[in-house]
Amino acid sequence: MKFGKEFVAQMIPEWQEAYMDYSCLKSILREIQNARKRSGAVTRKQTVHRNFSGLTKRCSRVTSSQELENQDIMVSEVIGVDGFERYETSIMRVAEAGREPELVFLKTLDLEFDKVNHFYKSKVEEMVKEAVVLNKQMDALIAFRIKVDQPSSSWTCSETVSVDVNALDVTEHRETVADGSNHGDSTRGNVPEALSVLDRIRLNKAQETPLSRIRNVLKLSHHEDLKFTRENLNKIEERLKDVFIEFYRKLRHLNNYSFLNTLAISKIMKKYDKIASRSAAKTYMESVDKSYLTSSDEIRKLMVRVESIFVEYFASSNRSKAMNLLRPKVKKEKHRTTFSTGLLVGCSVSLLIALALLIHARNIIGADGKNIYMETMFPLYSLFGFVVLHMIMYASNIYFWKRYRVNYPFIFGFKEGTELGYRHVLLLSFGLNTLALAAVIMNLDMEMDPNTNDYKTLTELLPLFTVGLVIAVTICPFNIFYRSSRFFFIMVVFRCIAAPLYKVNLPDFFLADQFTSQVQALRSLEFYICYYGWGDFRLRQNTCSSSHVYSTFYFIVAVIPYWSRFLQCVRRLVEEKDSTEGYNALKYLFTIVAVCLRTAYSLNRGNAWRNAAWFFSALATFYGTYWDIVFDWGLLHRSSKSWLRDKLLVPHKSVYYVAMVVNVVLRLAWLQTVLDFNIPFLHREIMVALLAILEIIRRGIWNFFRLENEHLNNVGKFRAFKSVPLPFNYDEES
C-alpha cells in the first residue's frame, strides 16, 4: 500500500483536518516535476528570503556563512504575536524552472507543519489537565479503599497516587499507599493527617435512571451518599477503570498522531529532494526533531504512568491482563463469517426459487384458499420480510460508512472492538431470512386436511415458533450471537420506551426513528397476539378486524414510535433549552395526527376523514421532508455554491440530489391510502407490504446521510473521544 493511502487509513477520522495535507503537497510536487521537465531543469544559485509580518525571527541553529551557501534551504524558527513558535523556510538555491512551485511547496509545508505542531501542543495541554483530574480521582479511590478495608481505623493517609507528568517516582508513592492500606497500624506514624479527602467528595451517579430523574425534577440531590461499602468500592473501581481506559486510548491516538505526521513530513521531503534534485530533507527534519511535535515527551511519560497505575490498581498486578484492557485487540474479519454469509445467501436464493416454483406448480395464485392465506398467514410472515430488509439496509449503511470513513462506532457509542461489521449484520439477516423462507414453504397449504377439516397444527404454529426463537436469541444471556450488540440494542429499546425519564443520546433517537419506519411490523406483532390469542389458528379464522379493542390498539401501535420521538424532543428541549428541538417535536406531533387520520380513513372511510387525512398528511410530509434535508442531512445551504454543504464525503454531488428527490417521492407513498389506488392483480395486504418496504428503503437512505452529517459535525469540532463520567465529585467543583 502506498504511504498516502496508509496515511489516510490510519488517521483519526474526526481529526482529519488537523493532519498534514499530504495529497496537496504531492500535487505541488507534481507541478515542480512538470515545470522542470518543460525547461530542462537548469539550476542556479539564488537566495530567497520570505518574511512574515508581526513575527520575530530567530534561526533554529547557528550556521556559518559557508554552510549557508552550501545549503539548499534554511529553516528558521519565528515567534508570533501569540507567543507560539512557527517555522519559515528560505530557499538558498532555486532552479529557475521550478522557482514558483518550490516556493509554494515550502510555504505550504511550513503552514501545515505549524498547524500540526499547534494542534498537538493544545491536545497535550488538555491531556495534562485531564491527568491532574485523574490524580484527584485516584486520591479519593485510595482513601475510599482504605476506609473500606479499615472501617474502624483512625489513621490516615496523606500520600497520593499521581499521574502528573512531573511526578518523579509514581510507583514508589503508590506502593507506600498500598502498603499502608494492608498493614494498618504499622504505617500509623507515616500518615500525619486524616483522610480529609473523603470529607470533600461525593459519589456521582453511575448513569441516569428513572428514579434519579424524578429526584432531579423534585430538586433533590443527584449525588449519592458516600457509603463505605465493598459494593460501592467495586462500582467505583469499575467506573474509574473505564475512565483510565478511555484516557489511555486518547494518549495512544495522540502518540500515533505525532508519529504519523512526522513520518509524513519525512516522506514528502524525500520526494521533494528526489524531484527537485536537492538535499533539503536532512536540514528540515533537524528542525522537525527540535519541534514540540517530536521533542515533547509528556505523552510518553503519561502512558508509562497510566500503565503502572492500571497494572497495580485495576489488574491485580497482572501486566498482561492490564495491557489487554488498555490496548484491546482490533476485531479481525473471520473467513468463516464471509463463508457462512455466502452460504446463507445461497440458501435464501434457493428457497426463493423453490417458493416460486411451488406457487406455479400448485397454481396457488388461483386457489380457493388464497384470500384466507393472504389475510391470515401473509401478515404473519411479512414481519420477517420487514426486519430482514431493514437489516440489509443497515448492513449497506455500515459498508458505505466505512468506505467514506464515517466513524459510526464512536457516534453510536459502541464499546471498542464489539461493533458489528456489515458482514456480521448480513449473516444475521440472511440467517433469519433462510429460517423464515423455510417456514413459509412448509406452511404453504391452501386447503384444509379433508380427514380432520383443519390445517396442520404444527405448520400453523411455525410463524409463532420463529418469532419466539428470534426473541429468545435476542434476550439470551449467554455469550453467543454477538451478546454485546444484543444487550446494547435491548438497552436502547428500553430507553426509547422510557423516553422522558432518560437523557437522550444519539443511539436513542436514532433507533426511535428506525421504529417510525417499522409501523407495519409493529402492527404485525399486534396481529400475532390477536390471531394466536383469540383466533382459531387451526381453521385460520379470527375476529381481529371486527374487534373494537384490536382497532383501538391498531391506532396506538402506529403512534407509539412517533410518540417516543416526540417525548425525546420535549426532553431535549427542556434540558438543552434548544428551540430547534421544539420544532422537531412539532414535526412528530403533526405526523401522529396524520397517521391517526389515515388509519381512521382506512377503517371508516368518509369524505370528512379523507379531507382531514389529506391536509395533515400533506403538512406532515412537507415539514418532515424539509427537516430531513436541511436539519438531519445538513443540505440546501445557501452559502454553498452547489446548495448542498461545504463538506461532502461522497465525491459525486449528483448522489445528494438524487437522494433528496428519492426521499420526497418515497415520503409521498401515503397518497395510496387516501387515493385508494389499487392494482387489480395485487391483494390489499401486498399493497400494504409494498408501502412499508418503500418506507424502510427511505429510512435506509436517510440513515447514511444523517450519520454523515453527524460525523462532519464531530470533525468540525475535533470531537474524537467519548466523555466518561467520573465516579467522584469534589465539593469545590460543584
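Where is the place of leucine 636? Leucine 636 sits in the loop between helix H23 (607–632) and helix H24 (654–667). Helices here are DSSP runs of H or I with at least four residues, numbered from the N terminus.

This is a predicted model: local features need pLDDT of at least 70, side-chain atom pairs count only at pLDDT 80 or more, and totals for chains, interfaces and linings use all residues. Residues are numbered from 1 along each chain as its sequence is written, and side-chain values use heavy atoms, with hydrogens and water left out.

Turn to the backbone of leucine 636. Its phi is positive, about 60°, although leucine 636 is not a glycine. Most residues other than glycine have a negative phi. Leucine 636 counts as partly exposed because its relative accessibility is 35%; buried means under 20% relative accessible area, exposed over 50%, and partly exposed in between (1.4 Å probe, protein chains only).

Tyrosine 482 also has a positive phi, about 55°, and is not a glycine. Tyrosine 482 lies in the loop between H17 and helix H18 (483–497). At 24% relative accessibility, tyrosine 482 counts as partly exposed.

Now follow H17 itself. Helix H17 covers residues 462–475, 14 residues in total. The expected span is 1.5 Å times one less than the number of residues. For H17 that gives 20 Å, and the end C-alpha atoms are 20 Å apart, which agrees.

Leu462, Pro463, Thr466 and Val467 are buried in H17. Seen down the axis, the buried residues of H17 fall within an arc of 140°, so they line one face of the helix. The arc is taken from the directions from the helix axis to the C-beta atoms. These buried residues pack against helix H13 (370–403), helix H15 (422–442), helix H16 (457–460) and helix H20 (519–534), where contact means heavy atoms within 4.5 Å.

Definitions and conventions. Helices (H or I, at least four residues) and strands (E, at least two) are DSSP runs, numbered from the N terminus.
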